[in-house]
Amino acid sequence: MEINRIAVIGAGAMGTGIAYQAARFGLEVTLNDIKQEFIDKGISKIKEMVKTGVERKKLDLKEAKAIIEGIKPHLDLKEAVKDADMVVEAIFENMEVKKELFAKLDEYTKPDAILATNTSSLSVTEIATATKRPKKVIGTHFFNPVYTMKLVEIVLGEKSSEDTIEKAIEFAKRLDKTPVKVKDSPGFIVNRILGALMGEAIKILEEGLATGRDIDTAMTLGANHPVGPLTLADFVGLDIAAATANTLHQGLGDCYQTPKLLLEKVEKGELGMKSGKGFFEYTE
Ligand SMILES: NC(=O)c1ccc[n+]([C@@H]2O[C@H](COP(=O)([O-])OP(=O)(O)OC[C@H]3O[C@@H](n4cnc5c(N)ncnc54)[C@H](O)[C@@H]3O)[C@@H](O)[C@H]2O)c1
């Protein structure tokens, strides 16, 4: 079975990006969320992306129209997924909530549909236990913002079949992304490495060894990274960075201790760019 119709569950930052990218490359897309207002917000965000694409001459008007018409919003989950060849879940990063959804997806989708999760830190193998088709469950970990970030980590659950892995790879390529395969494990590839990098940067700051600006300058000029690790943490969101750090700590042991300074900032509501302040300050 070729993947032509997908359902994206969750119309937030990642779900809208995945829906946009899939529609841009000719797939039929349905988009679902728990409230109509969240779907409406997601559709507005997609229209904004299309508008920016046209302004930057990345899309012509025909392509823009095809993207908007190619994404059908559905508040009813059953309706949203019934014809899908593949479902891509991009809802809250919470195991119980994801398992509850996957049990419903198992019931509502065609028996041969692939069920993919965009989780950035949870176990794909465990999510798959909520279904009777663990062979067809896989991780497709896109990066933010989806339309510019080229990578998709294909996260192999313990029971993901070869056919499912191949289909997920083809799907990523069809969306003009570069897939890499990784076995289900804490942080997969990118977040495991970035977690270590950001953690050490925060510890250097915490120990008073260098200023935040100098730490970031050191890594941009000394390691040729496009942004410094503290700016990157502010971009990702310090609450998300802390949640990822906790997962890495639990899964990989004490070399991944969550820095105290990170937890203090989250406690104070200093969440990075989205709250105006993290390791640095941001104005609109
Ligand atoms: N934001 C990132 O940088 C990033 C990057 C890679 C992966 N991820 C992962 O992608 C997933 C989504 O992240 P996000 O940043 O888009 O989150 P978000 O908070 O922007 O959006 C999540 C959306 O899911 C909806 N939702 C929650 N429960 C639902 C349910 N049961 N059914 C339907 N919709 C539901 C919410 O209403 C919300 O609109 C998470 O698993 C996250 O870890 C995020």
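1. Arg133 sits in the loop between H6 and E6. Helices here are DSSP runs of H or I with at least four residues, strands are E runs of at least two, and both are numbered from the N terminus. Arg133 comes out as partly exposed, with 19 other C-beta atoms within 10 Å. For reference, 20 or more other C-beta atoms within 10 Å of a residue's own makes it buried, 12 or fewer makes it exposed, and partly exposed is in between, with C-beta atoms placed from the backbone. Arg133 and Ala113 are 20 residues apart in sequence, and their C-alpha atoms are 9.4 Å apart in space.

2. A word on the model before going further. This is a predicted model, in which local features need pLDDT of at least 70 and side-chain atom pairs count only at pLDDT 80 or more, while totals for chains, interfaces and linings use all residues. Residues are numbered from 1 along each chain as its sequence is written.

3. Have a look at helix H5 (residues 95-108) next. Lys98, Leu101, Phe102, Leu105 and Asp106 are the buried residues of H5. Seen down the axis, they fall within an arc of 145°, so they line one face of the helix. That arc is taken over the directions from the helix axis to the C-beta atoms. Glu96, Val97 and Glu107 are exposed on the other side of H5.

4. What covers the buried residues of H5? The cover includes strand E1 (5-9), helix H4 (77-81), strand E4 (86-89), strand E5 (114-117) and helix H6 (124-128). Contact means that two C-beta atoms, placed from the backbone, lie within 7 Å.

5. On to H2 (residues 36-55) and H3 (residues 61-70), which pack at about 170° with their axes 10 Å apart. Axes are lines fitted to C-alpha atoms, for helices over the stretch in contact, and angles run from 0 to 180 degrees between N-to-C directions. H2 and H3 are therefore roughly antiparallel to each other (under 35 degrees is roughly parallel, over 145 roughly antiparallel, 65 to 115 roughly perpendicular, the rest oblique). Lys47, Val50, Gly53 and Val54 of H2 meet Leu61, Ala64, Ile67 and Ile68 of H3. That makes six nonpolar residues, one polar and one charged. Nonpolar covers Ala, Val, Leu, Ile, Met, Phe, Trp, Tyr, Cys and Pro; charged covers Asp, Glu, Lys and Arg; the others, Gly among them, count as polar.

6. The H8 (190-206) and H11 (residues 238-252) pair crosses at roughly 110°, with axes coming within 10 Å. H8 and H11 are therefore roughly perpendicular to each other. From H8, Asn191, Arg192, Gly195, Met198 and Gly199 meet Ala241, Thr244, Ala245 and Leu248 of H11. This contact divides into four nonpolar, four polar and one charged.

7. Some backbone spots to check by eye. Lys57, in the loop between H2 and H3, has a positive phi of about 60° although it is not a glycine. Lys57 is exposed, with 7 other C-beta atoms within 10 Å. Phe188 also has a positive phi without being a glycine, about 50°, and counts as buried with 22 C-beta neighbours inside 10 Å. Finally, the Asn144 to Pro145 peptide bond is cis, with omega near -5°; Pro145 is in the loop between strand E6 (137-142) and strand E7 (151-156).
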